[in-house]
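Thanks for coming, everyone. Let me put the model on the screen and walk you through it.

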Amino acid sequence: MLRITDLFAKVEEKDILKSLSLTIKPGEVHAIMGPNGAGKSTLGNVLSGRAGYEVTGGTVEFNGKDLFELEIEERAREGLFLAFQYPVEIPGVSNMEFLKASVDAKRKHHGQPELSAVEFMKLARETSKRVSLDPTFLKRGVNEGFSGGEKKRNEIMQMMLLEPSLCILDETDSGLDIDALQVVANGVNEMRSPDRSFIVVTHYQRLLDYIVPDYVHVLANGRIVKTGGKELALELEEKGYAWLEEEAV
Amino acid sequence: MSEQVEELIRKEYAAGFSTDIISETLPPGLNEDVIRFISGKKNEPDWLLEWRLKAYHAWLEMTEPEWAHVKYDDIDFQKVSFYSAPKSMDDKPKSLAEVDPELLRTYEKLGIPLHEQAALAGVAMDVVFDSVSVVTTFREKLLEVGVIFCSISEAVHKYPELVKKYIGSVVPQKDNYYAALNCAVFSDGSFVYIPKGVRCPMELSTYFRINEQNTGQFERTLIIADEGSHVSYLEGCTAPMRDENQLHAAVVELIALDNAEIKYSTVQNWYPGNEEGKGGIYNFVTKRGVCHTNAKISWTQVETGSAVTWKYPSCILRGDNSVGEFYSVALTNNYQQADTGTKMIHIGKNTRSTIISKGISAGKSSNAYRGLVRMNPGADGARNYTQCDSLLIGDKCGAHTFPYIESRNPSAVIEHEATTSKVSDDQLFLCQQRGLDAEKAVSMIVNGFCREVFKELPMEFAVEAGKLLEVSLEGSVG
Amino acid sequence: MTDFQQQALTIAAQQQSPAWLAPLRSQAANEWRNVIWPTRKTEHWKYTSLASLQKTLLSLVNTSAANTDWKSEVEFIDVNAIRLVFVNGVFDAANSSNFSENIVRFSQANSAQQKIIEQYLGKVVEGSQHLFATLNSAWLDDGILVHVPRNQTLDQPIYVVQVSTLGEQTLSVNQRLLVVLEDSAQAELIEHFVSTSEQQNSVVNALAEIVVGDNAQLQHYRLNLEEENIQHIGAVHVNLLRNARFRGFTLALGSKLKRIDYQINHRGQGAELNLQGVYLPRNNQMVDYHSNVQHWVPHCTTSEVFRGIIADSAQAIFNGRIYIHKDAQKTLAELSNKNLLTSNKAEINTKPELEIYADDVKCAHGATVSQLNDTALYYLQSRGVSRNEAEVMMSFGFINELLQQIAEPAVHHYLLPRLAKLFGRDQTLLEMADE
């Protein structure tokens, strides 16, 4: 599915990722935890191709392709999905129009016909219900005036519509109350399947009570310093990160 | 609160004294003979006299600009004297020891000691008194690294190629009415050349003083920063308190060649006129710089003086990746009027400009920001950011913003923001409640309002500018 | 006097009008004679050339029946309104509704209505400042009065359509509207200018004078949809009295010459202005919007938003002036102007201006050129949308933000698909999203 080898990346002249390696097989859920500033969000942005995140070394192979050869939108169409920590508001662009454009782009990429407006509306309404988002949100501008929780649910709804093979959840739990967290987690769990993988980036162990990972990695100082099972998350909760950071230097 | 403030405002203009000195002053009036006299007095080569006369004839055909948001009585150019020089300057003193002690005392009184040992550390100074440069300090030391800093009259003789090549190259003779006038009658000013790759080891500074009655000052400054060089230049201006309006029409041209950087700071404190609006300097100045590839020009100005100010220090961003900056504080009080701002002309690719303008209006004054940001078709990826803030103190003044924004390039980005507000009662109350008096509170708030600009000034000037603002504001809270 | 001024006077002399309008007309003709013809040095015409207008040979509208070919090309806004249709300036009774008692053409005004017209006509507009308003008065052959008495709320919008078609000659079309809302009255007015795909090099001079009385409210739309050859000079002059509210929306496609002035006077305390505008010139067209909001009295509010997308070799001009007079304390005024250039031959000249003579005010303006939010573009791309489509989507979103705020659903329904088409957006989806 995804093979990251010896990845280096910098942001604004500052090295953030330093020799990060990670391999993810189909169906696996990997949690990435770590202290603030460890490069957790950088990883998602680098993988999705955001401008300003400069790759200075290493390779990433995604479903057999060199990820860095692909444009942002091509990566998306190939099945890479990043659920943002802070989804941006795009006033004036209706959510519905935006969602249909994304779904159509992906379908076209895979040689499928575009959906008619009616078909799509139906699909969108059904999907919005799966994440307990009122269908009226479809009519509003993209994320415009959405609360934090609504934005996150909109992210999960997009994930469901686009059916990606690799989902990266970037601190999806931040700023969510327990109810919203459950909705999001249920959405993710519904999507789990043998051919779909997840990278769950989080600062807290809490989310992992709901989305149970196969592996937990600790990212510190730009690379993975420890890997374990789900019990590692509990250990981190108890002991913090400092003991690992010291090792990482 | 208002009483204290009014008292403050009535504080006298500190630089308002005049110097009793024997001067040679041309009788008022302007004609070809006057221009020939000025040129002759300076022993100028023929080409320069021709150049002056050409400008004079162009000027005769031109009309005064009317678009500025200022009102003043027509200037009778036949009543202005276009040349005045201290008698003692007939044989230009070779060193400070030869300078008329009365002149030196004048500058000491203004807080500008000219003796090199007493002078501000690390600042070389050219001193222009009415129409002539009196003295330039630290010249030898500068020459050691190849930096030329002298009066423009001297440069005409010593460095004719440089002067000939660059004079009028940034501000054409016919650029505007006052620029044309300046070309015809300019008497002196400063000349700076920084050689390739040299970082000027000290701040260069010119101090302008108008002393003689009914005299106009028409100085001309030319700064050339050769490739990869760097210079910081400051100017200051004062004049005695006189009941008549006096004219100051200067031209400043800056040339920043590839990778060069020029920082030009002004603290303008010409006599602003009295509280009834009588007297004061008409400050009609053209300042412009051209930036070649990767070059940078940064204008910082603190304008507190003059009865009328008309001034737009500008940057022509010709070379790719060049940078223009304009930081301005303009404060008007009593009947002062200011129409000031900048022009940023983006020609090269990826050129960048920043404009930060802070206008403070008090009394019955009028204070306008006028600016132009133009993105030419070739200015791919160019960016401008403009922030204009106005602060009103009292309800008898005016604060205006006239930004012209022109773009012909889809990849160029322009952002302009302007706000107007007053010193809020809440802010005042907070300061007072913490034990500050009203004046102090206002001057603190105003200083805070201007911080972004002050931080661009060289250290000694920043402190000076803050104090100047305080004095100029005194009594303005009603 | 220029040739154009001279010609215009000749036409003025030929115009027929009710006798009681004669004094206004002759006064205007006199003023017109002394008008100083603007040049590029005239501040308010700095970027807009009147050269094409000067080259136009004007002729009077032929009052004989206009052809009806236009009907297949022009779609009205589907609104339950009192509709008044003019074709090349000539009233088209067949396509218009029956007037209510609130509406009358000047030529048919009874004596009470004449009184109202005489009281207000030419008084809202400051003639000497606006030369084409002077011309409009000099050319005045007829006009429309909308009068809403005290406490009355009109139950239907008033919808005025001006159609420009292909005629035999270059036409000079003069339209005048006078809208008087007495105290606590409420109304909605839609001005709709449209042309057929082939149209003459006509000159349209359309002037509205509007008085919104104490506590009265007006919703006003001015849609300038004529394209290509039409030369349109339009103006909306408004006086707002105590606690009056004016909510305006305007949209302009470009043409050979399109200049629209909004002149708003806050004359009563507590008045509120909310004005939004969109301009979309393409090809070689131009649009010039000038707004001038005058705060004469304290406690008034202005909120103004204009956005434009300038494509191809088009040119747009925006000038937004807010003037706070000496006693207008406690004014809140805000203006925002944002522009996108989508071609390297397009041009924008914008000037937001503030002139302020009162200290206890909060005023701000902002202007931007060419800036789609990078983060938003990235977000769209990260969902598989191509860069190009993301840009188009966001460009449309940029004006859609204003379209969404249109209070009259019929106007919204009319504009949305037309503009979506201009941007190549899927209109079905937009409409469905819109329902």
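In what order do the six strands of the open sheet in chain A run? Keep in mind that this is a predicted model. The order is β6-β9-β10-β3-β11-β12, and the pairing is mixed. At the edges sit β6 (80-83) and β12 (223-228) of chain A, each pairing on one side only. Neighbouring strands here are turned against each other by 20° on average, direction ignored.

Look at one pair inside this sheet. β3 (29-33) and β11 (215-220) of chain A run parallel, joined over four bridges. A31(A) stands opposite V216(A) of β11(A). Now the helix: α5 (148-162) of chain A lies across β6 and β9 (166-170) of chain A. It runs at about 170° to β6(A).

Next, the other sheet. Four strands of chain A form an open sheet in the order β2-β1-β4-β5, with antiparallel pairing. β2 (14-24) and β5 (65-66) of chain A each have a single partner strand, so one side of each is left without a neighbour in the sheet. β4 (53-62) of chain A meets β5(A) over two bridges. There, F62(A) stands opposite K65(A). Helix α1 (40-48) of chain A packs on this sheet, touching β1 (2-11), β2 and β4 of chain A. Its direction makes about 70° with that of β4(A).

Last, the contact between chains. Chain C brings 28 residues and chain A brings 29. On the chain C side, α6 (374-381), α7 (387-403) and α9 (427-434) each supply at least two residues. The largest share, eight residues, comes from α7(C). By class, that side has 12 nonpolar, eight polar and eight charged residues.

Methods:
Residues numbered from 1 in each chain as written. Chains lettered and ligands numbered in written order. Predicted model: local features only at pLDDT ≥ 70, side-chain atom pairs only at ≥ 80, totals over all residues. Pairing = 2+ DSSP bridges. Contact = placed C-beta atoms within 7 Å. Axes fitted to C-alpha atoms, helices over the stretch in contact; angles between N-to-C directions. Nonpolar A, V, L, I, M, F, W, Y, C, P; charged D, E, K, R; others polar.
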